[in-house]
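Notebook open, structure loaded. I want to jot down what I look up as I go, one topic per entry.

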Amino acid sequence: ISREDEKYSVNCLDSDESYEGTSEASFKDAVVYDGTQGNNGSVPQENGIRKHRYVPLSLRYSNLTQSLCFNRPFELSKITMPIVFNEPLSFLQRITEYMEHTYLINKACSLSNSIERMQAVAAFAVSAVASQWDRTGKPFNPLLGETYELIREDQGFRLISEQVSHHPPISAFHAESLTGDFVFHGSIYPKLKFWGKSVEAEPKGTITLELLKHGEVYTWTNPFCCVHNVILGKLWIEQYGTVEILNHSTGDKCVLNFKPCGMFGKELHKVEGYIQDKSKKKRCVIYGKWTECMWSVDPQAYESNRKAEKKGELKKLKSQVGLTADNDDADDMPEVQETVAVIPGSTLLWRISSRPQHSATMYNFTNFAMSLNELEPGMLATLAPTDCRLRPDIRAMENGDMDEASREKERLEEKQRSARKHRSKEEEEWSTRWFQSGTNPFTSSQDWLYTGGYFDRNYSDLPDIY
């Protein structure tokens with residue numbers, strides 16, 4: 001892959017600051033990923049339907065020092081960010097990465113025991129955030145009315161998503177099994193806050209999984225996500241918070257604790273929790289790392305192992321007395337322990353796939369992420385004109401033309417503002433096409449529900465957003 005230096009300008013908060021970057025590879029350099037690599041512990045894919053590309057992309061990261069000079073928390077959704085901080089995917093495509101580990105849902109559908117099904121669902125919930133590891137690029141904010149569809153016959157699902165609101169930004173999605181085994185849906189509206197040295201995404205929105213064969217419904221929300229050192233230092237990510245997965249049909253519940261890294265970083269990436277039945281009896285303990293793998297073990301075996309660990313930690317702690325954390329300008333990322341200490345008798349629930357060899361120079365994308373923006377011959381005849389793949393700014397960025405991407409991003413945002421002003425002047429209400437606001441029947445919370453019909457391919461009267 002040839003590399004060519006270029007200069008480009010970006011605008012943020014009326015700034016005319018100039019950034020330097022490297023254009024690395026374009027869309028024409030794409031090669032095909034044939035699915036022969038292991039699929040997260042499942043049987044390796046043999047995709048006889050069609051192959052998916054494996055695209056080298058340029059990497060452009062920078063800190064916010066040249067753009068933002070604030071010392072207080074504020075919502076980033078209200079700030080126009082320069083394109084240098086983006087990755088060439090829309091947020092609609094980013095949430096589609098939940099489906100990378102669909103084999104775990106299929107596994108849950110095949111199990112006869114409700115606790116084992118909950119284990120598979122819990123592993124899926126953890127795996128859904130695994131692609132965020134080292135993904136410090138910001139996805140493009142979807143335009144109001146923007147859509148994204150994905151059909152993966154090799155994984156047995158199809159998905160449609162739509163940007164249903166701009167203020168606040170809300171993305172709704174609906175995925176369904178091609179064989180009628182499950183439905184997976186939700187609406188996501190993360191609240192982003194800038195805290196001086198870090199950016200925190202507060203999870204908003206409910207995720208619902210319906211296992212139709214078993215007549216079961218599971219709901220949960222995602223953990224918090226924090227990107228450190230947006231001002232100075234190496235960018236790194238941690239997930240933290242409590243995730244509760246409830247089986248509304250059986251009363252089983254899984255409680256997962258995504259641990260913050262802690263003073264010495266020993267908790268970085270760790271996830272621990274348990275599954276209890278409707279009588280609140282602990283049936284198993286789940287542990288591991290969201291960046292690596294998840295295991296299940298009997299509660300008694302877990303407690304015995306924990307007591308033995310505490311004895312060893314006490315001796316280590318005594319040798320660390322007197323150490324204090326340095327108040328540096330950057331929050332150094334703790335040294336990562338690459339493996340999980342497996343407790344004897346544990347069962348592997350999920351293991352992450354290795355990323356492509358040059359992932360670090362391609363926005364740290366997974367193989368699945370690299371396939372999301374592919375535009376094959378013949379797709380134009382079936383895609384809705386609002387699909388993310390047709391966004392000119394994302395396409396230009398993927399092709400390495402950052403100047404064009406920046407110009408197109410600015411043009412699309414101005415077009416969106418003009419359309420909003422026109423609707424306000426004409427006193428017109430925005431009407432969503434594929435989702436409608438309603439109440440989640442299982443949680444009684446506000447949600448956006450799929451109204452159906454997208455794959456009938458009737459795309460008349462869609463908004464002109466590009």
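Predicted model: local features only at pLDDT ≥ 70, side-chain atom pairs only at ≥ 80, totals over all residues.

**Entry 1**

I started with Cys254, which is buried at a relative accessible area of 0%. Is it in a disulfide, or in no disulfide? Cys254 is in no disulfide: the nearest cysteine sulfur belongs to Cys284 and sits 7.3 Å away. I then checked the total, and the structure holds zero disulfides. I also looked up Cys109, which is buried with a relative accessible area of 4%.

**Entry 1: the chain as a whole**

The chain has seven helices and 24 strands. Of its 466 residues, 52% count as buried. I also looked at contacts between residues at least 6 apart in sequence, and 63% of them join residues at least 24 apart.

**Entry 2: α2 against α3**

How do helix α2 and helix α3 pack? I find α2 (residues 102–110) and α3 (residues 114–127) at an angle of about 170°, with their axes 8 Å apart. The two are therefore roughly antiparallel to each other, since an angle over 145 degrees counts that way. From α2, the residues in the contact are Thr102, Leu104, Ile105 and Ala108. They meet Arg117, Ala120, Val121, Ala123, Phe124 and Ser127 of α3. I sorted the residues of this contact by type and got seven nonpolar, two polar and one charged.

Then I asked which residues of α2 are buried. They are Thr102, Tyr103, Leu104, Ile105, Ala108 and Cys109. The cover over these buried residues includes α3, and also the strands β9 (157–165), β11 (182–188), β14 (207–211) and β22.

**Entry 3: Ile95**

I moved to helix α1 (residues 91–96), where Ile95 lies. Ile95 counts as buried, at 4% relative accessibility. Leaving aside neighbours within four places in sequence, I see Ile95 in contact with Ser171 and Phe173. Ile95 and Phe173 are 78 residues apart in sequence, yet their C-alpha atoms are 8.3 Å apart in space.

His174 lies in strand β10 (residues 170–177) and is buried, with a relative accessible area of 11%. What does its side chain touch by a polar contact? I get the side chain of Glu176, at 3.0 Å. Beyond four places in sequence, the contacts of His174 are Arg158, Leu159, Ile160, Val183, Phe184, His185, Phe435 and Tyr450.

While there I checked the loop between β9 and β10, which is where Pro168 is found. The peptide bond from His167 to Pro168 is cis, with omega near 0°.

**Entry 4: Ser346**

Ser346 sits in the loop between α4 (299–319) and β22 (347–351). Buried or exposed? Ser346 is buried at 17% relative accessible area, because the cut-off for buried is under 20%. I list two partners for its side chain: the side chain of Tyr287, in a polar contact of 2.5 Å, and the backbone oxygen of Ile343, reached at 2.6 Å. With neighbours within four places left out, Ser346 is in contact with Tyr287, Trp295, Ser296 and Val297.

**Entry 5: Ser437**

I went on to Ser437, in strand β23 (residues 435–439). Ser437 is partly exposed, with a relative accessible area of 45%. Its side chain makes a polar contact of 2.7 Å with the side chain of Gln446. Outside four places in sequence, Ser437 is in contact with Gln446, Asp447 and Trp448. I also noted the pair Ser437 and Ala172: 265 residues apart in sequence, 9.9 Å apart C-alpha to C-alpha.

**Entry 6: positive phi**

Last, I looked at backbone angles. Tyr363 has phi near 60°, a positive value in a residue other than glycine. Tyr363 is in the loop between β22 and α5 (367–370) and is buried, with a relative accessible area of 0%.

Glu427 also isn't a glycine, and its phi is positive at about 55°. I place Glu427 in the loop between α7 (402–425) and β23. Whereas Tyr363 is buried, Glu427 is exposed, with a relative accessible area of 72%.

Key: Residues numbered from 1 in each chain as written. Heavy atoms only, no water. Disulfide = S-S within 2.5 Å. Buried < 20%, exposed > 50% of the residue type's maximum accessible area, 1.4 Å probe, protein only. Helix = DSSP H or I, 4+ residues; strand = E, 2+ residues; numbered from the N terminus. Polar contact = N/O pair within 3.5 Å; in protein donor to acceptor, adjacent residues only side chain to side chain. Contact = heavy atoms within 4.5 Å. Axes fitted to C-alpha atoms, helices over the stretch in contact; angles between N-to-C directions. Parallel < 35°, antiparallel > 145°, perpendicular 65-115°, else oblique. Nonpolar A, V, L, I, M, F, W, Y, C, P; charged D, E, K, R; others polar.
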